[in-house]
Each structure stands twice: as structure tokens, then as C-alpha cells.
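Please keep the sequence and the structure in view while reading.

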Amino acid sequence: MVKKSNTPSLTPAIISYNVPSPETFNDGLPLPKIIAFDLDYTLWPFWVDTHVTPPLKAKDNNTKSVDRWGESFTFYPDVPSILLSTKSTSPPITLATASRTSAPDIATTLLKQLHLPSTSETNTSSNASGKRAYDIFDYMQIFPGDKTTHFQKIQKASGVAYDEMLFFDDERRNRNVESLGVVFWEVPSGVTRAEVDRGVREWRKRKGREQQGET
């Protein structure tokens, strides 16, 4: 079912470097060991296989990437700060991508060209370049096909049980990963701080981990 416009907004989102960490990352309650994200219309507002025409070139200190036709592409506004905040928890949350795009090379290039602010910059409005988004992910599964296969590969590589995983995706059909034990949270308008909190709370509810001391 097509639910997105065939043409994304041509105006890049204003990245929010001063977005605070999700509340659930700092409330002392259990967190998933792995949080996984889809890419298209989850971390960024476009489909890489239909909207982006290579070659790509990083612009504005790696806050966006521009394609052959001069169109700009970047993350949803809250995404850079959210990704960085996963590594500030104790212990850090393991990050994964699970994308079924038919253009994995373009997706990978974007993740390498789009940079995250350094830790000292996340509480400012600075656009200074930090680490590549690509480098913050511990596991990357980017290929066409049923996403249960993506998670089987993530589980095999990480050794983490499926019920310790939380997956954010904009497409309801990918809820089938719950057959493995992964908790799925649908983000029809992309990832935001509030959606991350809702997803984590749902994971806790499903796993009976809504109080301190529950493991």
C-alpha cells in the first residue's frame, strides 16, 4: 500500500541538535539491548531507491547530501540527537538498521555522508560536523526482502535475544518481525523523541519491565 507522496519535500529539515535525550533513556527503568531502525520514512523523509539520483555530495558540513539534480536529503529533525543519545545510556544501547530498500549502496552512501554532531554540540544549535551516522550503527542489514531475515542476521551476529530488541518502522507490514519476539513500533510520520519514548514504553509493557529492578 502506497501511503507516501512520490515526491518528497525539497526543503531539507532543520536538524535539531538541541533535542534532549528521550525521557525513557534516563528514567532508570530497563531498556532494550538493541534498538533497530528502518531507514526510508523512518530516519529520513524519502525513499532512496526512487527519490535520490546519484552521485551524491555532502554539503553544509555534512548536514545534508545533494544528488545529481541538486535535491537535498537529510534526516528527520530529531534523528541525529536520538542516535547519539543511545550511546549515552548505561550500558550503551546497541544500534541496528533493518532496511529493505532496493538501493543499499545509495543508503550506505547517505549514512556515510550525513554526520552527527559531536557530543559537545548536541546541546547547541551548531551545525559542526562530527562522526558519520554510518559509524554509530553496530549492525547494518540493508537489502530487499522480508525483515524477519534482517533480524535473524542481527540476532546471529549479536547473540542478543529477540525479546531484547525494539524495532521502529513506518510500514505496518513489517510488524511480522514480532513472530520472532521483536517488539515493533510503527512510526507513520518518522522517528521523533516522543515516538522513541512510546516505543520503549511499549517494549517495557510487553516484557513486564515497567518497574525498577525487573530484568
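In which helix do E195 and R198 both lie, and how many residues apart are they? Both belong to helix 6, three residues apart, which is about one turn of the helix. Helices (H or I, at least four residues) and strands (E, at least two) are DSSP runs, numbered from the N terminus. The model is a predicted one, in which local features need pLDDT of at least 70 and side-chain atom pairs count only at pLDDT 80 or more, while totals for chains, interfaces and linings use all residues. Residues are numbered from 1 along each chain as its sequence is written, and side-chain values use heavy atoms, with hydrogens and water left out.

The side chains of E195 and R198 meet in a salt bridge (3.4 Å, N to O), a term that denotes a side-chain nitrogen of Lys or Arg within 4 Å of a carboxyl oxygen of Asp or Glu. E195 is buried, with a relative accessible area of 15%, whereas R198 is partly exposed at 41%. Here buried means under 20% relative accessible area, exposed over 50%, and partly exposed in between (1.4 Å probe, protein chains only).

The structure holds 14 salt bridges. One of them joins the side chains of E23 and R201 at 3.2 Å, N to O. E23 lies in the segment before strand 1 and R201 in helix 6, so this pair ties together parts that are 178 residues apart in sequence. Both partners are partly exposed: E23 has a relative accessible area of 45%, and R201 one of 39%.

The interior comes next. A nonpolar core is a set of buried Ala, Val, Leu, Ile, Met, Phe, Trp, Tyr and Cys residues joined through side-chain atoms within 4.5 Å. The largest such core has 40 residues, and those with the most contacts inside it are F37, W44, V48, F75 and V191. Among the elements that give two or more residues to this core are strand 1 (34–37), helix 2 (79–85), strand 7 (165–169) and helix 6 (193–207). A second, separate core of 13 residues includes V160, M165, F167 and F184.

Not counting residues up to four places away in sequence, V191 touches F37, T42, L43, Y76, D78, V79, I82, F168 and V196, where contact means heavy atoms within 4.5 Å.

T148 is found in helix 5 (residues 147–158). Leaving aside neighbours within four places in sequence, T148 is in contact with N176, V177, S179 and L180.

A cis peptide bond joins P54 and P55, with omega about 5°, and P55 is placed in the loop between helix 1 (48–51) and strand 2 (57–59). Another cis peptide bond joins S90 and P91, with omega about -5°; P91 lies in the loop between helix 2 and strand 5 (94–99).

Positive phi values in residues other than glycine occur at Y41, near 60°, and at D60, near 50°. Y41 is found in the loop between strand 1 and helix 1 and is buried, at 7% relative accessibility. D60 is found in the loop between strand 2 and strand 3 (64–66), and the side chain of D60 meets that of K64 in a salt bridge (3.3 Å, N to O).
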